[in-house]
Amino acid sequence: MLLMLLVACGGGAASAPSTPAPAPPVAAPAPVAVGPDGPETIAVPPLASISTDPADIAAGEAVFTAKGCGACHKFGEKLVGPDLAGVTARRSPTWIERMVSEPEIMTKQDPVAKDLFRTLMVQMTKQGVPPEDLPKLIAFLKSKENAVAAAPAATAPPAAPAK
Ligand code: HEC
């Protein structure tokens with residue numbers, strides 16, 4: 001329903017509505033629009049800026065490891081989930097916080113997450129990251145923003161023979 005609405009909105013010049021629809025003076029019970037930051041119903045810590053403090057980045061890396069994100073994500077390469085290199089450039093910090101907090105709501109309500117799910121056909125699982133750890137996690141993700149450049153020579157490495 002919402003998707004159809006969004007598609008309709010993005011569909012270019014639509015024919016003018018036949019009934020004049022002046023803006024209602026009181027906020028109508030409009031469907032919750034999902035903006036670029038994801039559904040507002042997912043409460044996450046406000047994040048004005050991303051920390052570049054090495055201590056925060058290290059703490060974020062520890063969260064990434066402890067919560068098992070690396071089972072599905074790498075930097076510079078797609079694994080089960082999307083390549084996370086550059087994710088802070090393509091998504092807003094708040095969107096990322098929401099994706100990490102409530103992936104199962106995101107893939108149902110957020111158009112971007114929905115598309116990822118449709119393409120990958122795997123549902124990211126909720127890892128129970130405490131809200132206060134989210135800004136550190138994002139500091140870590142940001143520190144890996146250019147990690148793509150780290151893997152240009154990724155031709156098939158010789159497979160180590162299993163002993
Ligand atoms: C079970 C595998 C799995 C685990 C574990 C996992 N993810 Fe994901 N992640 C995915 C998948 C798959 C997607 C794409 C959305 C979907 O299909 O659910 C995704 C999407 C994302 C995105 C959005 C990527 C983009 O391109 O916009 C971010 C950010 C992310 N995950 C971060 C994390 C972090 C941080 C953790 C650890 C707390 C984590 N993920 C744990 C599978 C996983």
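The largest nonpolar core has 19 residues, of which Ile 96, Met 99, Leu 137, Ile 138, Phe 140 and Leu 141 touch the most other members. A nonpolar core here is a set of buried Ala, Val, Leu, Ile, Met, Phe, Trp, Tyr and Cys residues joined through C-beta atoms within 7 Å. Helix H2 (54–66), H4 and helix H7 (134–143) each give two or more residues to this core, and H7 gives the most, with 6 residues. Helices are DSSP runs of H or I with at least four residues, numbered from the N terminus.

The model is predicted: local features need pLDDT of at least 70, side-chain atom pairs count only at pLDDT 80 or more, and totals for chains, interfaces and linings use all residues. Residue numbers start from 1 along each chain as its sequence is written.

Met 99, one of the core residues named above, touches Gly 38, Met 106 and Ala 113, leaving aside residues up to four places away in sequence. Contact means C-beta atoms, placed from the backbone, within 7 Å.

The ligand is surrounded by 29 residues, the closest being Cys 69, Cys 72, Gly 81, Phe 117 and Met 124. Helix H4 (93–101), helix H5 (103–109) and helix H6 (111–120) each give two or more residues to this shell, and the largest share, 4 residues, comes from H6.

The loop between H6 and H7 holds Met 121. Met 121 has a positive phi of about 60° although it is not a glycine. Met 121 counts as exposed because it has 7 C-beta neighbours inside 10 Å, and the cut-off for exposed is 12 or fewer, against 20 or more for buried, with partly exposed in between.

Definitions and conventions. Near = placed C-beta within 6 Å. Contact = placed C-beta atoms within 7 Å.
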